[in-house]
Amino acid sequence: MRQVIIIGSGPAGFTAAIYAARANLEPLVVASSVEVGGELMNTTDVENFPGFPDGIQGPELMEKMQKQAERFGAEVLYDDVVELDLAGAVKTVKLGSGAVHEASSVIFATGSAYRKLGLPGEERLSGRGVSWCATCDGFFFRERTIAVVGGGDSAMEEATFLTRFASKVYVIHRKDSLRASKIMQERAFANEKIEFVWNTQVVDILGEDAVTGVLLRSTVDGSTRELPLEGLFVAIGNDPRTHLVHGKLELTPEGTIWVHGRSSRTSEPGVFAAGDVVDPTYRQAVTAAGSGTVAALDAEHFLAALEQSGEPQVAEAIEIATETPSRATDQAETGVPAA
Amino acid sequence: MTAKATTSATWEQDVLQAEGPVLVDFWAAWCGPCRMVAPILDEIQADNPDKITVLKLNVDENPDLAMKYQITSIPAMKVFNKGQVQTTIIGAKPKYAIEQDLAAYLA
(Lines give C-alpha, C1' and ligand atoms only; values in the text may rest on other atoms or scores of the structure.)
Protein backbone atom coordinates (compact mmCIF):
# COMPACT_ATOMS: atom_id res chain seq x y z
CA MET A 1 0.00 0.00 0.00
CA ARG A 2 1.16 3.51 -0.88
CA GLN A 3 1.35 6.39 1.54
CA VAL A 4 -0.13 8.87 -0.88
CA ILE A 5 -1.69 8.85 -4.35
CA ILE A 6 -1.97 12.17 -6.17
CA ILE A 7 -4.69 12.43 -8.81
CA GLY A 8 -3.98 15.13 -11.35
CA SER A 9 -0.89 16.50 -13.07
CA GLY A 10 -1.36 20.25 -13.32
CA PRO A 11 0.58 22.74 -11.17
CA ALA A 12 -1.30 21.57 -8.05
CA GLY A 13 -0.72 17.85 -8.63
CA PHE A 14 2.95 18.12 -9.58
CA THR A 15 3.77 20.61 -6.81
CA ALA A 16 2.10 18.29 -4.30
CA ALA A 17 4.21 15.51 -5.82
CA ILE A 18 7.44 17.53 -5.39
CA TYR A 19 6.72 18.16 -1.72
CA ALA A 20 5.48 14.64 -1.03
CA ALA A 21 8.46 13.10 -2.81
CA ARG A 22 10.93 15.29 -0.92
CA ALA A 23 9.23 14.13 2.30
CA ASN A 24 10.03 10.53 1.24
CA LEU A 25 6.37 9.65 0.79
CA GLU A 26 7.09 8.10 -2.64
CA PRO A 27 3.91 9.47 -4.18
CA LEU A 28 2.14 7.85 -7.09
CA VAL A 29 0.85 10.49 -9.50
CA VAL A 30 -2.07 9.44 -11.69
CA ALA A 31 -1.46 11.97 -14.42
CA SER A 32 -4.25 11.00 -16.86
CA SER A 33 -3.67 9.35 -20.21
CA VAL A 34 -4.06 12.32 -22.53
CA GLU A 35 -4.22 15.44 -20.37
CA VAL A 36 -0.89 15.19 -18.59
CA GLY A 37 0.18 18.65 -17.46
CA GLY A 38 -3.35 19.96 -17.32
CA GLU A 39 -4.61 23.27 -18.61
CA LEU A 40 -1.19 24.87 -19.09
CA MET A 41 -0.49 22.36 -21.85
CA ASN A 42 -2.90 24.36 -23.98
CA THR A 43 -1.34 27.76 -23.32
CA THR A 44 1.63 29.41 -24.96
CA ASP A 45 3.48 32.12 -23.06
CA VAL A 46 3.13 32.01 -19.30
CA GLU A 47 4.29 35.46 -18.18
CA ASN A 48 3.16 35.48 -14.57
CA PHE A 49 4.86 32.42 -13.07
CA PRO A 50 7.56 33.79 -10.73
CA GLY A 51 11.13 32.85 -11.59
CA PHE A 52 10.76 33.11 -15.36
CA PRO A 53 11.43 36.79 -16.17
CA ASP A 54 11.25 36.17 -19.91
CA GLY A 55 8.15 34.00 -19.62
CA ILE A 56 7.97 30.28 -20.30
CA GLN A 57 5.84 28.12 -22.57
CA GLY A 58 3.06 26.34 -20.67
CA PRO A 59 4.04 22.82 -21.78
CA GLU A 60 7.69 23.47 -20.91
CA LEU A 61 6.77 24.67 -17.44
CA MET A 62 4.74 21.52 -16.84
CA GLU A 63 7.53 19.30 -18.13
CA LYS A 64 9.91 20.96 -15.68
CA MET A 65 7.48 20.46 -12.79
CA GLN A 66 7.13 16.78 -13.66
CA LYS A 67 10.91 16.32 -13.88
CA GLN A 68 11.33 18.03 -10.54
CA ALA A 69 8.79 15.67 -8.94
CA GLU A 70 10.39 12.60 -10.55
CA ARG A 71 13.85 13.69 -9.45
CA PHE A 72 12.76 13.15 -5.84
CA GLY A 73 11.08 9.83 -6.46
CA ALA A 74 7.53 10.55 -7.56
CA GLU A 75 6.16 7.83 -9.86
CA VAL A 76 4.01 9.15 -12.70
CA LEU A 77 1.36 6.92 -14.31
CA TYR A 78 -0.24 7.88 -17.61
CA ASP A 79 -3.68 6.56 -16.86
CA ASP A 80 -7.12 7.78 -15.84
CA VAL A 81 -8.96 7.19 -12.61
CA VAL A 82 -12.29 5.51 -13.26
CA GLU A 83 -13.39 4.81 -9.70
CA LEU A 84 -12.48 5.87 -6.20
CA ASP A 85 -13.19 4.47 -2.77
CA LEU A 86 -12.22 7.17 -0.30
CA ALA A 87 -13.97 6.01 2.86
CA GLY A 88 -12.01 4.33 5.65
CA ALA A 89 -8.31 3.88 6.29
CA VAL A 90 -7.45 2.29 2.94
CA LYS A 91 -8.29 4.40 -0.09
CA THR A 92 -8.56 2.56 -3.40
CA VAL A 93 -8.03 4.10 -6.82
CA LYS A 94 -9.13 2.12 -9.86
CA LEU A 95 -7.57 3.02 -13.20
CA GLY A 96 -8.67 2.74 -16.81
CA SER A 97 -6.19 -0.08 -17.34
CA GLY A 98 -7.98 -2.06 -14.65
CA ALA A 99 -5.14 -1.68 -12.14
CA VAL A 100 -6.15 -0.91 -8.56
CA HIS A 101 -3.87 1.07 -6.24
CA GLU A 102 -4.25 1.50 -2.50
CA ALA A 103 -3.03 4.30 -0.27
CA SER A 104 -3.46 5.76 3.20
CA SER A 105 -4.09 9.18 1.73
CA VAL A 106 -5.21 10.75 -1.52
CA ILE A 107 -4.56 14.22 -2.91
CA PHE A 108 -7.26 15.15 -5.38
CA ALA A 109 -6.09 17.77 -7.91
CA THR A 110 -8.16 17.18 -11.02
CA GLY A 111 -8.53 20.83 -11.94
CA SER A 112 -11.38 22.00 -14.10
CA ALA A 113 -12.84 21.33 -17.52
CA TYR A 114 -13.86 23.76 -20.24
CA ARG A 115 -17.41 24.94 -19.88
CA LYS A 116 -19.63 24.35 -22.89
CA LEU A 117 -22.20 26.72 -24.32
CA GLY A 118 -24.85 23.99 -24.14
CA LEU A 119 -26.08 24.54 -27.68
CA PRO A 120 -27.40 21.79 -29.98
CA GLY A 121 -24.76 22.20 -32.72
CA GLU A 122 -21.85 22.32 -30.28
CA GLU A 123 -21.03 18.59 -30.07
CA ARG A 124 -21.68 17.91 -33.73
CA LEU A 125 -19.43 20.75 -34.88
CA SER A 126 -16.75 20.21 -32.23
CA GLY A 127 -13.48 19.84 -34.13
CA ARG A 128 -15.32 21.05 -37.24
CA GLY A 129 -14.99 24.72 -36.47
CA VAL A 130 -15.99 24.75 -32.80
CA SER A 131 -12.96 24.65 -30.55
CA TRP A 132 -11.94 25.12 -26.93
CA CYS A 133 -8.24 25.46 -27.66
CA ALA A 134 -6.88 28.35 -29.68
CA THR A 135 -3.27 27.17 -29.46
CA CYS A 136 -4.27 23.74 -30.77
CA ASP A 137 -6.56 24.80 -33.58
CA GLY A 138 -5.80 28.43 -34.47
CA PHE A 139 -3.33 27.34 -37.15
CA PHE A 140 -6.19 26.01 -39.28
CA PHE A 141 -7.96 29.35 -39.48
CA ARG A 142 -5.50 31.31 -41.58
CA GLU A 143 -7.17 34.25 -43.32
CA ARG A 144 -10.56 33.16 -41.97
CA THR A 145 -13.19 35.03 -39.99
CA ILE A 146 -13.69 33.56 -36.54
CA ALA A 147 -15.09 34.48 -33.13
CA VAL A 148 -14.20 33.95 -29.51
CA VAL A 149 -17.01 33.72 -26.94
CA GLY A 150 -16.19 35.00 -23.47
CA GLY A 151 -14.94 38.01 -21.51
CA GLY A 152 -12.24 36.69 -19.21
CA ASP A 153 -8.45 36.42 -19.43
CA SER A 154 -8.54 33.21 -21.42
CA ALA A 155 -10.96 34.73 -23.95
CA MET A 156 -8.65 37.75 -24.42
CA GLU A 157 -5.57 35.54 -24.63
CA GLU A 158 -7.22 33.31 -27.24
CA ALA A 159 -8.52 36.25 -29.28
CA THR A 160 -5.11 37.94 -29.30
CA PHE A 161 -3.34 34.69 -30.17
CA LEU A 162 -5.80 33.91 -32.96
CA THR A 163 -5.06 37.21 -34.74
CA ARG A 164 -1.75 35.58 -35.76
CA PHE A 165 -3.77 33.43 -38.14
CA ALA A 166 -7.26 34.76 -38.68
CA SER A 167 -8.07 37.83 -40.77
CA LYS A 168 -10.79 38.87 -38.32
CA VAL A 169 -11.60 37.86 -34.76
CA TYR A 170 -14.90 38.85 -33.14
CA VAL A 171 -15.10 38.70 -29.36
CA ILE A 172 -18.68 37.96 -28.37
CA HIS A 173 -19.50 38.87 -24.79
CA ARG A 174 -22.86 38.91 -23.06
CA LYS A 175 -22.05 42.01 -20.99
CA ASP A 176 -20.76 45.49 -21.84
CA SER A 177 -17.50 45.15 -19.91
CA LEU A 178 -14.85 42.46 -19.48
CA ARG A 179 -13.74 40.62 -16.37
CA ALA A 180 -10.33 40.05 -17.97
CA SER A 181 -7.27 41.66 -16.36
CA LYS A 182 -6.33 45.17 -17.49
CA ILE A 183 -3.22 44.10 -19.39
CA MET A 184 -5.09 41.44 -21.35
CA GLN A 185 -7.97 43.82 -22.12
CA GLU A 186 -5.62 46.52 -23.37
CA ARG A 187 -3.82 44.07 -25.64
CA ALA A 188 -7.12 42.98 -27.16
CA PHE A 189 -8.45 46.55 -27.52
CA ALA A 190 -5.24 47.61 -29.27
CA ASN A 191 -5.46 44.79 -31.80
CA GLU A 192 -6.88 45.96 -35.12
CA LYS A 193 -8.10 42.49 -36.10
CA ILE A 194 -10.28 42.16 -33.00
CA GLU A 195 -13.81 43.54 -32.97
CA PHE A 196 -15.92 43.38 -29.83
CA VAL A 197 -19.58 42.38 -30.01
CA TRP A 198 -21.00 43.52 -26.67
CA ASN A 199 -24.20 42.55 -24.83
CA THR A 200 -24.64 39.55 -27.07
CA GLN A 201 -25.21 35.82 -26.58
CA VAL A 202 -24.59 33.00 -29.01
CA VAL A 203 -27.91 31.13 -29.23
CA ASP A 204 -27.17 28.75 -32.10
CA ILE A 205 -24.19 27.45 -34.06
CA LEU A 206 -24.92 27.16 -37.77
CA GLY A 207 -23.56 24.65 -40.26
CA GLU A 208 -23.98 20.98 -41.12
CA ASP A 209 -20.45 19.54 -41.50
CA ALA A 210 -18.56 22.72 -40.68
CA VAL A 211 -19.31 25.96 -38.90
CA THR A 212 -20.79 28.55 -41.25
CA GLY A 213 -21.92 31.09 -38.68
CA VAL A 214 -23.66 31.77 -35.39
CA LEU A 215 -27.04 33.09 -34.41
CA LEU A 216 -26.66 35.97 -31.97
CA ARG A 217 -29.18 37.50 -29.59
CA SER A 218 -28.85 40.90 -27.99
CA THR A 219 -29.06 40.79 -24.19
CA VAL A 220 -30.40 44.36 -24.32
CA ASP A 221 -33.40 44.19 -26.66
CA GLY A 222 -33.61 40.47 -27.53
CA SER A 223 -33.13 41.06 -31.26
CA THR A 224 -31.38 38.29 -33.21
CA ARG A 225 -29.03 38.27 -36.16
CA GLU A 226 -26.72 35.89 -37.99
CA LEU A 227 -22.97 36.38 -38.08
CA PRO A 228 -21.12 34.39 -40.78
CA LEU A 229 -18.02 32.67 -39.36
CA GLU A 230 -15.74 29.74 -40.09
CA GLY A 231 -14.59 29.12 -36.55
CA LEU A 232 -15.97 29.57 -33.04
CA PHE A 233 -13.65 29.40 -30.02
CA VAL A 234 -15.42 28.93 -26.70
CA ALA A 235 -13.73 30.50 -23.66
CA ILE A 236 -16.56 31.02 -21.19
CA GLY A 237 -14.89 29.52 -18.17
CA ASN A 238 -14.29 26.23 -16.46
CA ASP A 239 -16.11 23.91 -14.12
CA PRO A 240 -14.33 22.00 -11.35
CA ARG A 241 -13.86 18.37 -12.29
CA THR A 242 -15.56 16.60 -9.41
CA HIS A 243 -17.53 13.79 -11.06
CA LEU A 244 -15.29 11.13 -9.48
CA VAL A 245 -16.12 12.30 -5.95
CA HIS A 246 -19.83 13.05 -6.18
CA GLY A 247 -21.49 11.59 -3.11
CA LYS A 248 -18.06 10.87 -1.61
CA LEU A 249 -16.77 14.32 -0.71
CA GLU A 250 -18.70 17.40 0.27
CA LEU A 251 -18.90 20.15 -2.31
CA THR A 252 -19.42 23.90 -1.94
CA PRO A 253 -22.34 25.80 -3.50
CA GLU A 254 -19.92 26.83 -6.28
CA GLY A 255 -19.35 23.17 -7.08
CA THR A 256 -15.77 23.00 -5.85
CA ILE A 257 -14.63 20.44 -3.28
CA TRP A 258 -15.22 21.71 0.22
CA VAL A 259 -12.13 21.95 2.45
CA HIS A 260 -11.60 22.86 6.11
CA GLY A 261 -10.73 26.57 6.35
CA ARG A 262 -7.38 27.37 4.76
CA SER A 263 -6.30 23.72 4.74
CA SER A 264 -6.71 21.14 2.00
CA ARG A 265 -8.59 18.69 4.21
CA THR A 266 -11.84 17.51 2.63
CA SER A 267 -14.85 16.04 4.41
CA GLU A 268 -13.15 12.61 4.27
CA PRO A 269 -10.17 12.00 6.61
CA GLY A 270 -7.01 11.31 4.64
CA VAL A 271 -8.36 12.90 1.48
CA PHE A 272 -6.95 16.27 0.50
CA ALA A 273 -7.85 18.52 -2.41
CA ALA A 274 -5.85 21.20 -4.19
CA GLY A 275 -5.83 23.51 -7.19
CA ASP A 276 -8.73 24.58 -9.38
CA VAL A 277 -10.93 21.81 -8.02
CA VAL A 278 -11.10 23.71 -4.68
CA ASP A 279 -10.75 27.24 -6.06
CA PRO A 280 -13.65 28.98 -7.81
CA THR A 281 -11.95 32.37 -7.63
CA TYR A 282 -8.23 32.73 -8.37
CA ARG A 283 -7.42 29.77 -10.61
CA GLN A 284 -3.81 30.66 -11.38
CA ALA A 285 -0.87 28.33 -11.97
CA VAL A 286 0.83 29.89 -8.94
CA THR A 287 -2.15 29.63 -6.61
CA ALA A 288 -2.68 26.04 -7.74
CA ALA A 289 0.97 25.25 -7.04
CA GLY A 290 0.64 26.85 -3.58
CA SER A 291 -2.50 24.87 -2.99
CA GLY A 292 -0.67 21.67 -3.98
CA THR A 293 1.98 22.49 -1.41
CA VAL A 294 -0.68 22.86 1.29
CA ALA A 295 -2.15 19.48 0.34
CA ALA A 296 1.22 17.71 0.45
CA LEU A 297 2.02 19.21 3.86
CA ASP A 298 -1.44 18.29 5.17
CA ALA A 299 -1.03 14.74 3.87
CA GLU A 300 2.42 14.50 5.42
CA HIS A 301 1.02 15.65 8.76
CA PHE A 302 -1.87 13.19 8.51
CA LEU A 303 0.46 10.29 7.69
CA ALA A 304 2.81 11.20 10.54
CA ALA A 305 -0.13 11.22 12.98
CA LEU A 306 -1.28 7.93 11.53
CA GLU A 307 2.08 6.34 12.15
CA GLN A 308 2.32 7.74 15.66
CA SER A 309 -1.09 6.81 17.00
CA GLY A 310 -2.21 4.11 14.65
CA GLU A 311 -5.70 5.43 15.37
CA PRO A 312 -5.98 8.78 13.65
CA GLN A 313 -9.45 8.11 12.29
CA VAL A 314 -11.03 8.81 15.68
CA ALA A 315 -9.21 12.08 16.26
CA GLU A 316 -9.93 13.19 12.73
CA ALA A 317 -13.61 12.33 13.09
CA ILE A 318 -13.96 14.41 16.26
CA GLU A 319 -12.34 17.34 14.56
CA ILE A 320 -14.80 17.19 11.70
CA ALA A 321 -17.74 16.98 14.05
CA THR A 322 -16.69 20.20 15.78
CA GLU A 323 -15.81 22.03 12.60
CA THR A 324 -18.83 21.14 10.55
CA PRO A 325 -21.29 23.65 12.04
CA SER A 326 -18.92 26.56 11.44
CA ARG A 327 -18.51 25.99 7.71
CA ALA A 328 -20.79 28.85 6.74
CA THR A 329 -18.87 31.25 8.97
CA ASP A 330 -15.54 30.01 7.62
CA GLN A 331 -16.56 31.02 4.15
CA ALA A 332 -18.18 34.28 5.21
CA GLU A 333 -15.04 35.37 7.03
CA THR A 334 -12.61 34.69 4.27
CA GLY A 335 -14.93 35.72 1.47
CA VAL A 336 -13.90 32.71 -0.54
CA PRO A 337 -13.42 29.06 0.29
CA ALA A 338 -9.82 28.31 1.10
CA ALA A 339 -7.74 27.80 -2.00
CA MET B 1 7.07 -1.13 -34.90
CA THR B 2 6.09 2.47 -34.41
CA ALA B 3 4.11 4.81 -36.62
CA LYS B 4 6.02 6.09 -39.64
CA ALA B 5 5.79 9.52 -41.23
CA THR B 6 4.11 10.29 -44.52
CA THR B 7 4.21 13.48 -46.60
CA SER B 8 2.44 15.11 -49.53
CA ALA B 9 5.06 13.53 -51.81
CA THR B 10 4.41 9.97 -50.67
CA TRP B 11 0.70 10.38 -49.83
CA GLU B 12 -0.61 8.72 -52.97
CA GLN B 13 1.29 5.48 -52.49
CA ASP B 14 1.40 5.47 -48.67
CA VAL B 15 -2.26 6.18 -48.10
CA LEU B 16 -4.50 6.26 -51.17
CA GLN B 17 -3.00 3.21 -52.91
CA ALA B 18 -2.39 1.25 -49.71
CA GLU B 19 -3.89 -2.22 -49.49
CA GLY B 20 -5.30 -2.35 -45.99
CA PRO B 21 -6.70 0.37 -43.73
CA VAL B 22 -4.35 3.26 -42.96
CA LEU B 23 -4.78 5.51 -39.94
CA VAL B 24 -3.27 8.94 -40.54
CA ASP B 25 -2.48 11.05 -37.48
CA PHE B 26 -2.59 14.73 -38.46
CA TRP B 27 -0.29 16.40 -35.93
CA ALA B 28 2.05 19.31 -35.24
CA ALA B 29 4.95 19.94 -32.90
CA TRP B 30 3.15 22.81 -31.15
CA CYS B 31 0.10 20.68 -30.33
CA GLY B 32 0.30 19.43 -26.74
CA PRO B 33 -2.52 16.88 -27.04
CA CYS B 34 -0.82 15.47 -30.19
CA ARG B 35 2.21 14.64 -28.07
CA MET B 36 0.00 12.66 -25.72
CA VAL B 37 -1.63 10.70 -28.51
CA ALA B 38 1.56 9.88 -30.44
CA PRO B 39 2.83 7.13 -28.08
CA ILE B 40 -0.69 5.64 -27.89
CA LEU B 41 -0.80 5.35 -31.69
CA ASP B 42 2.68 3.82 -31.66
CA GLU B 43 1.37 1.20 -29.25
CA ILE B 44 -1.69 0.53 -31.37
CA GLN B 45 0.59 0.04 -34.38
CA ALA B 46 2.86 -2.29 -32.38
CA ASP B 47 -0.14 -4.26 -31.09
CA ASN B 48 -1.71 -4.63 -34.56
CA PRO B 49 1.06 -4.74 -37.17
CA ASP B 50 -1.02 -6.79 -39.63
CA LYS B 51 -4.40 -5.13 -39.17
CA ILE B 52 -3.75 -1.43 -39.63
CA THR B 53 -0.96 0.87 -40.76
CA VAL B 54 -0.47 3.99 -38.65
CA LEU B 55 1.14 6.99 -40.35
CA LYS B 56 1.87 10.48 -39.08
CA LEU B 57 1.37 13.58 -41.18
CA ASN B 58 2.88 16.86 -39.99
CA VAL B 59 0.34 19.57 -40.85
CA ASP B 60 2.95 22.35 -40.64
CA GLU B 61 5.01 20.69 -43.34
CA ASN B 62 2.05 19.45 -45.39
CA PRO B 63 -0.59 22.20 -45.18
CA ASP B 64 -2.05 21.20 -48.56
CA LEU B 65 -3.27 17.88 -47.17
CA ALA B 66 -4.52 19.48 -43.94
CA MET B 67 -6.59 21.84 -46.07
CA LYS B 68 -7.76 19.14 -48.49
CA TYR B 69 -9.11 17.00 -45.66
CA GLN B 70 -10.58 20.04 -43.88
CA ILE B 71 -8.61 19.61 -40.69
CA THR B 72 -9.59 22.31 -38.18
CA SER B 73 -8.53 20.64 -34.97
CA ILE B 74 -5.65 18.35 -34.11
CA PRO B 75 -4.89 15.69 -33.23
CA ALA B 76 -7.19 14.41 -35.97
CA MET B 77 -7.00 10.75 -36.93
CA LYS B 78 -8.53 9.56 -40.16
CA VAL B 79 -8.75 5.97 -41.31
CA PHE B 80 -8.40 5.62 -45.08
CA ASN B 81 -9.49 2.46 -46.84
CA LYS B 82 -9.11 2.11 -50.60
CA GLY B 83 -8.45 5.83 -50.84
CA GLN B 84 -11.58 6.89 -48.95
CA VAL B 85 -11.91 8.33 -45.46
CA GLN B 86 -13.92 5.81 -43.45
CA THR B 87 -13.51 6.97 -39.86
CA THR B 88 -12.53 10.28 -38.26
CA ILE B 89 -11.43 10.65 -34.65
CA ILE B 90 -10.89 14.18 -33.36
CA GLY B 91 -9.03 15.07 -30.17
CA ALA B 92 -6.75 13.25 -27.79
CA LYS B 93 -8.32 10.22 -26.15
CA PRO B 94 -7.10 7.41 -23.90
CA LYS B 95 -5.89 4.24 -25.61
CA TYR B 96 -9.01 2.20 -24.82
CA ALA B 97 -11.24 4.91 -26.34
CA ILE B 98 -9.22 5.03 -29.57
CA GLU B 99 -9.26 1.23 -29.70
CA GLN B 100 -13.05 1.36 -29.38
CA ASP B 101 -13.25 3.82 -32.29
CA LEU B 102 -11.03 1.50 -34.33
CA ALA B 103 -12.75 -1.71 -33.24
CA ALA B 104 -13.88 -2.54 -36.79
CA TYR B 105 -10.25 -2.59 -37.98
CA LEU B 106 -8.58 -4.17 -34.95
CA ALA B 107 -10.99 -7.09 -34.57
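**Ground rules.** Residues are numbered from 1 along each chain as its sequence is written, while chains are lettered from A in the order in which they are written. In this predicted model local features need pLDDT of at least 70, side-chain atom pairs count only at pLDDT 80 or more, totals for chains use all residues, and side-chain values use heavy atoms, without hydrogens and water.

**Chain A, secondary structure.** I looked up the elements and found nine helices and 19 strands in chain A. Both are DSSP runs, numbered from the N terminus: helices are H or I with at least four residues, strands are E with at least two.

**Chain A, overall form.** I noted a box of roughly 65 × 40 × 40 Å along the principal axes for the C-alpha atoms of chain A.

**Chain A, burial and contacts.** I found that 51% of the 339 residues of chain A count as buried. Buried means under 20% relative accessible area, exposed over 50%, and partly exposed in between, with a 1.4 Å probe and protein chains only. Of the contacts in chain A with a separation of 6 or more, 61% join residues 24 or more positions apart; a contact means heavy atoms within 4.5 Å.

**Ring pairs.** I counted 15 aromatic pairs over all chains. Rings of Phe, Tyr and Trp (its six-membered ring) pair if their centres lie within 6.5 Å; planes under 30 degrees apart are stacked, over 60 edge-to-face, the rest tilted.

One of the pairs is A:Phe161 with A:Phe165, edge-to-face at 5.5 Å centre to centre and 65° between the planes. A:Phe161 is buried at 11% relative accessible area, and A:Phe165 is buried at 12%.

I then turned to B:Trp11 and B:Tyr69, whose ring centres are 5.5 Å apart with planes at 45°, so this pair is tilted. B:Trp11 sits in helix α1 (residues 11–16) of chain B, and B:Tyr69 in the loop between α3 (63–68) and β4 (76–81), 58 residues apart. B:Trp11 is buried at 3% relative accessibility, and B:Tyr69 is buried at 14%. Ring pairs also link B:Trp11 and B:Tyr69 with B:Phe26 and B:Phe80 into a cluster.
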